[in-house]
Amino acid sequence: MPGLPVLGRPAIHPSPEPGPLISVVVPVRNEAPNVAPLVAEIAAALAGVPHEILYVDDGSTDATAEAVRGAPAPVRLLRHAASCGQSAAIVTGIRAARAPWIATLDGDGQNDPADIPRLWARAQAEGGDTLVAGWRTTRKDTATKRFTSRIANRVRARLLGDATPDTGCGLKVFPRELFLALPHFDHMHRFLPALVLRGGGRVVSEPVGHRPRTRGVSKYGTLDRLAVGIVDLLGMIWLQRRWTRPSLLPDDARASEKA
């Protein structure tokens with residue numbers, strides 16, 4: 001009879017689509033002109049790899065959201081009702097991500113998405129508790145910005161011992177679970193290497209390309225960075241001193257045998 005299943009034949013169900021292996025999280029605020037070209041580059045860099053792109057619009061007042069909706073590749077859009085800062089946008093994106101691996105990069109187009117596969121391969125080779133930080137060996141910024149960043153990196157590395165030459169690079173790759181285990185606070189993205197080391201993880205740096213900004217303007221000034229940087233650095237030093245990572249002793253084999 002029509003509509004009845006044929007006996008002896010197993011039901012055929014379509015195979016579920018595989019989930020993404022890596023989620024690319026891009027925090028943005030008022031970066032409408034940069035959305036389409038950057039999304040196209042991310043999609044090209046990860047062609048053939050199950051991935052997702054998440055844009056977190058941190059209270060933009062321009063057409064950033066509309067640009068994301070009209071992007072040349074599928075993008076998940078999350079929007080903050082008001083600007084909460086870059087760290088909050090990164091946290092929002094990673095919490096919503098579906099892949100076990102995360103890549104972050106700035107939305108201004110200065111990070112090159114073509115570097116993502118190489119950093120991801122390094123992260124997988126190093127192990128599941130490792131953060132791979134991009135290292136902009138040749139920066140395409142103003143002389144003032146390069147000078148202040150160089151001094152800030154040296155001071156931070158000396159005081160925090162994070163052994164990372166360029167923590168300000170937005171391009172990083174790491175396991176999602178590694179990030180979710182970290183304490184979250186405003187401006188935490190500037191101290192990710194130190195936070196990972198504090199939690200018992202590893203940090204390695206990988207040289208990456210850096211490009212001049214060709215569209216839009218920087219959302220942060222040098223004095224703004226300096227003012228919050230000093231306060232945050234002191235807070236990070238306090239946070240490090242308020243935690244001693246336990247060192248586990250090896251199992252007692254005799255006690256295990258008796259049990």
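Q: What should I know before I start?
A: This model is predicted: local features need pLDDT of at least 70, side-chain atom pairs count only at pLDDT 80 or more, and totals for chains, interfaces and linings use all residues. Residues are numbered from 1 along each chain as its sequence is written, and side-chain values use heavy atoms, with hydrogens and water left out.

Q: Which strand does S2 pair with, and how do the two run?
A: Helices (H or I, at least four residues) and strands (E, at least two) are DSSP runs, numbered from the N terminus. Two strands pair if DSSP finds at least two bridges between them. Here S2 (residues 51-58) and S3 (residues 76-80) are joined by five bridges and run parallel. From S2 the chain passes through helix H2 (residues 64-69) to S3, in a right-handed β-α-β crossover. Right-handed means that, with the strands pointing away from the viewer, the path from the first strand over the helix to the second runs clockwise. Tyr-55 has Leu-77 in S3 as its bridge partner.

Q: Which residues touch the most other members of the largest nonpolar core?
A: Buried means under 20% relative accessible area, exposed over 50%, partly exposed in between (1.4 Å probe, protein chains only). A nonpolar core is a set of buried Ala, Val, Leu, Ile, Met, Phe, Trp, Tyr and Cys residues joined through side-chain atoms within 4.5 Å. The largest one has 27 residues, and Val-24, Val-26, Ile-42 and Tyr-55 touch the most other members. Strand S1 (22-28) and helix H4 (116-126) are among the elements giving two or more residues to this core. A second, separate core has 21 residues, including Val-56 and Ile-102.

Q: Is Asn-34 buried or exposed?
A: Asn-34 counts as buried because its relative accessibility is 2%. Asn-34 lies in helix H1 (residues 32-45).

Q: Where is Ile-94 found?
A: Ile-94 is in helix H3 (residues 86-96). Ile-94 has 0% relative accessibility, so it counts as buried.
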